[in-house]
Amino acid sequence: WSTVCTLFFFFFFFDCYFFFFFSSRRRHTRYISVTGVQTCALPILGTTLAVQIGTCGGLQRNLRPGDIVVPDVAVCQEGIARIYGAGDVTRADPRRSHQARSLLASRNYTVHNGTNLTWPSIFAQSGEMVQAWHEAKYLSVDMETATTLAVARHFGMAAVSMLVVWDELLAGRSFLDPLEPDEQLRLVEGNEAVFRVALDLVSAL
């Protein structure tokens, strides 16, 4: 195995999202920032699996900071996924998602699966919108997952998303608000966990 790490971080305030992908032709592991354009380039390198890791806002009261959402379905409201053939929703690879949830659960992390909403802005939602998303039974909201899944599907790649809960939107707490020390620790540990599981998913290919 030859491993080459190329790091490009896309920072949004205090957050950082990036892709983890595996190239089956060159046997390389790489990291790139999350954009639809860069995802489109992955098949050229022989990529078979795209893994997105990042954070999300919780939309159900049982989600706590540091919990991890591995969604089966992403609702496409970010404006990009539909360009790549998605309808109202797009889906993660079921086998890889199940594998990710099993690996996280085996490490004693609290894992949720269900529907994630992908929305184009962190600040463009009202309290009424958050309540409507909650009532629609969406587990979480982020800005990237639908794009990742739709572009990967369009180009014949498997894809999975692992999102660590940061915001508690029903309580009106965003990433701009401080966490309690134990919550901050859970958030840090959750971010480390999804990184390590991404490596495990690639090792299993």
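Two strands pair if DSSP finds at least two bridges between them. The model described here is predicted. In it, Gly-58 stands opposite Ser-140 in strand S10. S10 covers residues 140-142 and is joined to strand S4 by two bridges. The two strands run antiparallel.

S4 has another partner, strand S11, which spans residues 158-168. Here the pairing is parallel and runs over 10 bridges. Within it, Ile-53 faces Met-162 of S11. How much of S4 is buried? The count is 11 of its 12 residues, so the rest of the structure largely encloses this strand.

S4 covers 47-58, and strand S5 covers 68-69. Asp-67 sits in the loop between them. Buried means under 20% relative accessible area. Asp-67 has 2% relative accessibility, so it counts as buried.

Which residue meets the side chain of Asp-67 in a polar contact of 2.9 Å? That residue is Arg-186. In sequence, Asp-67 and Arg-186 lie 119 residues apart. In space, their C-alpha atoms are 7.8 Å apart. Neighbours within four places in sequence aside, Asp-67 also touches other residues. Among them are Asn-62, Thr-110 and His-112. Leu-163, Val-164 and Val-165 are contacts of Asp-67 too.

## Glu-183, in helix H5

Helix H5 runs over residues 181-203, and Glu-183 is part of it. Is Glu-183 buried or exposed? Glu-183 is buried. Yet this residue has no salt bridge. What is the nearest side chain of opposite charge? It belongs to Arg-173, 5.3 Å away. A salt bridge needs a side-chain nitrogen of Lys or Arg within 4 Å of a carboxyl oxygen of Asp or Glu.

Glu-183 does have contacts beyond its neighbours within four places in sequence. They are Pro-65 and Glu-168.

Helix H4 takes in residues 145-154. Eight of its 10 residues are buried, so H4 is largely enclosed by the rest of the structure. The buried set includes four with alanine or valine side chains: Ala-146, Ala-150, Val-151 and Ala-152. Thr-145, Thr-147, Thr-148 and Leu-149 are buried as well. An α-helix has 3.6 residues a turn, so residues three or four places apart point the same way.

Key. Residues numbered from 1 in each chain as written. Predicted model: local features only at pLDDT ≥ 70, side-chain atom pairs only at ≥ 80, totals over all residues. Heavy atoms only, no water. Buried < 20%, exposed > 50% of the residue type's maximum accessible area, 1.4 Å probe, protein only. Lys, Arg positive; Asp, Glu negative; His and termini not counted. Contact = heavy atoms within 4.5 Å. Polar contact = N/O pair within 3.5 Å; in protein donor to acceptor, adjacent residues only side chain to side chain.
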